Each structure stands twice: as structure tokens, then as C-alpha cells.
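I opened this notebook to record what I looked up in one structure. The entries run from the overall fold to single residues.

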Amino acid sequence: MLFEFVDFANARLAAALAGFRLPSGIFWLYFSGSILLVVGLVKILKDELPQTHGLDKIMPFGRMFLAIPLAVFGTEHFTNTADIANIVPRWLPAHVFWVYLVGIALIAAALSITVQIQSPLAATLLGAMFFLFVLLIHTPNIMAHPSNRFFWTLGLREIAFSGGALAYAGAHGKSGRARGVPGLVTVGRFFVAIPAMFYGVEHFLHPLFAPGVPLEKIIPVWVPGRLPWAYLAGTVLVAAGVALLVNQKARMAATCLGVVILLLVLFVYLPMLVASPTNLESLNYFFDTLLFSGAVLVLADALA
């Protein structure tokens, strides 16, 4: 009976996926992101939003924007294992094991940060993991191809993600009897400021490439305001990066930057995702930029 039920359930799931025309690997990415979205919204709307005012009302959503992509990318480690295993350094044994381990770690961190159970510890480990990615994966690529701007972009992206996680840990952790670990927030501020300035300059040098995190994708011609979006993002990235670096109006700068990146998600990457919802590249770009926005907004909240 059990095997018959499993076969029936699999048949029904396959039929449902065929009806929505979503491959199973893509379906589970949307599914995990949707679960985190629902859980995060319930907690924020019930417990946190009534206690905030003005522009600060967006701050709780930064945590959600950070957690949802983590769940999506963690799930992708199980649905796209072979491709991700190729990224693991060659000298490490058991590539598939590391892919699964990182996937579990990303999903666990997403859940912990969303429901705020042991979230400072989870965020600290998450920030350390992203920084290890920089040391083990991106730094060797940069050293081997120093003139390739995309390797620099990828490495700095992981540094920014690490900065957001460490800033969250610093704001919600405890040091002795005092709440908060200011040193982690300071590290997070530098880790976001440096990529922001680099990305801002890239937007002016290569305005037709993906805004926010300027990677290899060319923005489709049907996206309205391609150049204005690029120049707006570039201006805000440079200005916010400088303000964060010198620690002047840092919270306002991080808030404005996080909001602008979120607008890019809504008005550039969401239309691209809707146009090709089963395209893994479009999905990755959408959640990658959302994660960047979440990291910056989490930093802004920590700077309070």
C-alpha cells in the first residue's frame, strides 16, 4: 500500500508540474521561496511592523529579503547538484558532499533568520561561510584572471553577502552583558561599502549589463529605462559606498541603497523572470539581486 501511495503521489505531482509547465527542479525553488515568504510575512506583519514608523517599516523586510534567496539557493544545491559541484575547488575531495552540506547550511540559516531562533549564531556562521567562498573559490579565480571584471564582481558579491550576515549577527548577538557586537557591524559596513563602490563604477563603464550586481547578463531591450536604471543604480552605489566607508550618514545611505536595489528587483528582474519563469538564469539573477538588497537593508537596520 505504501509503495502504491508513493507512486500515486509522484504521478499527481508530475501531472501538476506538467499543468504549470514547471520542471520539478524549478518548482522546488519556487516552493522553498514561497514557504519562507509566507512564514516571514506572518511574523513581520504580526510582531514587527506595528512597532516601526516611517521609512523604518522596510527594515524588518530586509531580514526576509536575505532569508528567501538563501532558501532558494540552498534548494538549488539539491536540484542542480552536478553543475554546482563543478564550482567546488578541485583539491577538495567528495564534491557532491560539500554541495549538499552547503545546501543544508543555507536552508538552516534561512529558517533560523526568518523565525529568529538562534539567528545570531546562524548569521555568524553564514557570514563566515560566504567569506570562505571568497578565499577558497573567488580569490584563486581573481589571481588567475586579474583583468576579468566578472571574477571581481563575483568575489565582491560574496563579501557583501558576508557583510550583511555579519552585521545582522552583530546587531542581534550578545557580547558579555551588553547586547550587540559592534565589531561585527563595523566589519559588515566595510564588506558592503567596498563592493558598492566597485559596482557603482562598473555601472557607468558598462551600463547595458545587469544592474545591481553587474554580471554578464545584458538587460533585454524590452525592459524600459535600461540606461536610466543603470545610471541611477551606479550613482546610488557610489554615494552609498563612500558614506558607508567614511561612516557618515551611513544608516541613511544603506537604507537608500537597499531600496534602490529592491526597485531593480521589482522593475528589472521581476519582468525578466515573468517573461521566462522556467529559466534558471533569470531565477538566479532575481534572487541574487534580492539577496543583495536584503544584505544592505539588514546592515542599515544594524547601524541603528
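**Entry 1. Fold**

I read the elements along the sequence of this predicted model and noted the pattern α-α-α-α-α-α-α-β-β-α-α-α-α. The protein has eleven helices and two strands. I then looked up the radius of gyration, which is 19 Å; the globule rule gives 19 Å for 304 residues, so the protein is as compact as a globular protein of that length. Along the principal axes, the C-alpha atoms fill a box of roughly 65 × 50 × 45 Å.

Of its 304 residues, 49% count as buried. For contacts between residues at least 6 apart in sequence, I recorded that 70% join residues at least 24 apart.

**Entry 2. Helix H8**

I asked which helices pack against the buried residues of H8. They are helix H6 (119-144), helix H7 (149-172), helix H9 (226-246), helix H10 (250-275) and helix H11 (280-302).

I checked the length of H8 next. Helix H8 covers residues 182-205, and its 24 residues should span 34 Å at 1.5 Å a residue; the end C-alpha atoms lie 35 Å apart, which agrees.

The buried residues of H8 include Val185, Gly188, Phe191, Val192, Pro195 and Tyr199. I noted that Arg189, Glu202 and His203 are buried in H8 as well. For reading such a list, I kept in mind that an α-helix has 3.6 residues a turn, so residues three or four places apart point the same way.

**Entry 3. Helix H9**

I repeated the length check on H9. Its 21 residues reach 31 Å from the first C-alpha to the last, close to the 30 Å expected at 1.5 Å a residue.

In H9 I found Trp229, Ala230, Ala233, Gly234, Val236, Leu237, Ala240, Gly241, Ala243 and Leu244 buried. The cover over the buried residues of H9 includes H8, H10 and H11.

**Entry 4. Backbone angles in the loops**

Asn247, which follows H9, has a positive phi near 60 degrees.

Lys249 lies in the loop between H9 and H10. Its phi is positive, near 55 degrees, although Lys249 is not a glycine. Is Lys249 buried or exposed? I found Lys249 exposed, with a relative accessible area of 72%.

Gln118 sits in the loop between H5 and H6. I recorded for Gln118 a positive phi near 55 degrees, again in a residue other than glycine.

**Entry 5. The largest pocket**

How much space lies in the largest pocket? I noted about 1,500 Å³. The lining of this pocket has 42 residues, and Ile84, Ile87, Ile137, His138 and Arg157 lie nearest the centre.

I then asked which helices each supply at least two residues of the lining. They are helix H3 (59-79), helix H4 (81-85), helix H5 (95-115), H6, H7 and H11. The largest share, nine residues, comes from H6.

Methods
Residues are numbered from 1 along each chain as its sequence is written. This is a predicted model: local features need pLDDT of at least 70, side-chain atom pairs count only at pLDDT 80 or more; totals for chains, interfaces and linings use all residues. Side-chain values use heavy atoms; hydrogens and water are left out. Helices (H or I, at least four residues) and strands (E, at least two) are DSSP runs, numbered from the N terminus. The expected span of a helix is 1.5 Å times one less than its number of residues. Buried means under 20% relative accessible area, exposed over 50%, partly exposed in between (1.4 Å probe, protein chains only). Contact means heavy atoms within 4.5 Å. On a 1 Å grid over the protein atoms alone, a cavity is a set of points where a 1.4 Å probe fits but cannot get out, and a pocket is an open set with protein on both sides within 12 Å along at least five of seven lines; lining residues have an atom within 4 Å of a point. Grid points are joined across faces, edges and corners, and a volume is the space filled by probe spheres set on the points. The radius of gyration is taken over C-alpha atoms; the globule rule is 2.2 Å times the number of residues to the power 0.38.
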